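Keep the model open as you read.

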Amino acid sequence: MAKTKIATTADVSTDKVLKTNANGQSVLVAKVGDKYCAIANKCPHLGLPMAKGKFENGVVTCPFHGSKFEICTGKNVEWVDSVVGIPLPGIAKKMMAMGKVPTDVASFAVTQEGADLFIDA
Ligand code: FES
C-alpha cells in the first residue's frame, strides 16, 4: 500500500460522490459533515461499479441491485433489494443475491494535507 493523492477538497462535495483512482483502483470519495470518506468503487455483490448510484445521508446505493453502503465505514446497510431501481419482492431478492451474503465494501481512511486528500491504497 502506498499513500496516494485522490482529490482536493475543492473536488469533493456533500451531495454527490466523486469517482477517482488510487494505484489503479477505482475509488469513490465524498464529504459527510466535516469528514472526507472513501470506499472502493466495486460493489461486493457482483463487483460492479457504484459511481452512478444515488448518494444520500452518507450512503451510496449501488445502481444495479440497490445494495447500500455507508461511505465513511463501508458498512452494508441494505443488501440486494431491487433491479435498476425497481423494488423486488422477498423471494426475488434472494434469487438476485445469487447466494451472496451481505458484505461490507472496502473503505479507506482519508487524510488531508492542506487542500489535498490521500488514502493508503
Ligand atoms: S452489483 Fe451492486 S447490488 Fe448487485
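Thr61 is buried, because its relative accessible area is 14% and buried means under 20% (exposed is over 50%, partly exposed in between; 1.4 Å probe, protein chains only). This is a predicted model, in which local features need pLDDT of at least 70 and side-chain atom pairs count only at pLDDT 80 or more, while totals for chains, interfaces and linings use all residues. Residues are numbered from 1 along each chain as its sequence is written, and side-chain values use heavy atoms, with hydrogens and water left out.

Thr61 sits in strand E6, residues 59-61. Strands (E, at least two residues) and helices (H or I, at least four) are DSSP runs, numbered from the N terminus. What does Thr61 contact, leaving aside its neighbours within four places in sequence? Gly53, Lys54, Gly66, Ser67 and Lys68. Contact here means heavy atoms within 4.5 Å. Ala51 is 10 residues from Thr61 in sequence, and their C-alpha atoms are 9.1 Å apart.

Now the sheets. Four strands make an open antiparallel sheet, ordered E2-E3-E4-E11. Two strands pair if DSSP finds at least two bridges between them. E2 (18-22) and E11 (107-108) are the edge strands; each has a single partner strand, so one side of each lacks a neighbour in the sheet. E4 and E11 are joined by 2 bridges, in the antiparallel sense. Ser107 of E11 is the bridge partner of Ile39.

Another open sheet has 3 strands, in the order E1-E13-E12, again with antiparallel pairing. Its edges are E1 and E12 (111-113), each with a single partner strand, so one side of each is left without a neighbour in the sheet. From one strand to the next, the twist averages 35 degrees. Axes are lines fitted to C-alpha atoms, and angles run from 0 to 180 degrees between N-to-C directions. E12 and E13 share 3 bridges. Glu113 faces Asp116 of E13.

Next, the core. The largest nonpolar core has 30 residues; Ile6, Ala38, Met50, Val60, Ile71 and Ile119 touch the most other members. Such a core is a set of buried Ala, Val, Leu, Ile, Met, Phe, Trp, Tyr and Cys residues joined through side-chain atoms within 4.5 Å. E1 (3-8), E3 (25-32), E4 (35-40) and E13 (116-120) each supply at least two residues. E4 gives the most, with 5. Not counting residues up to four places away in sequence, Ile71 touches Leu28, Ala38, Phe55 and Val60, among others.
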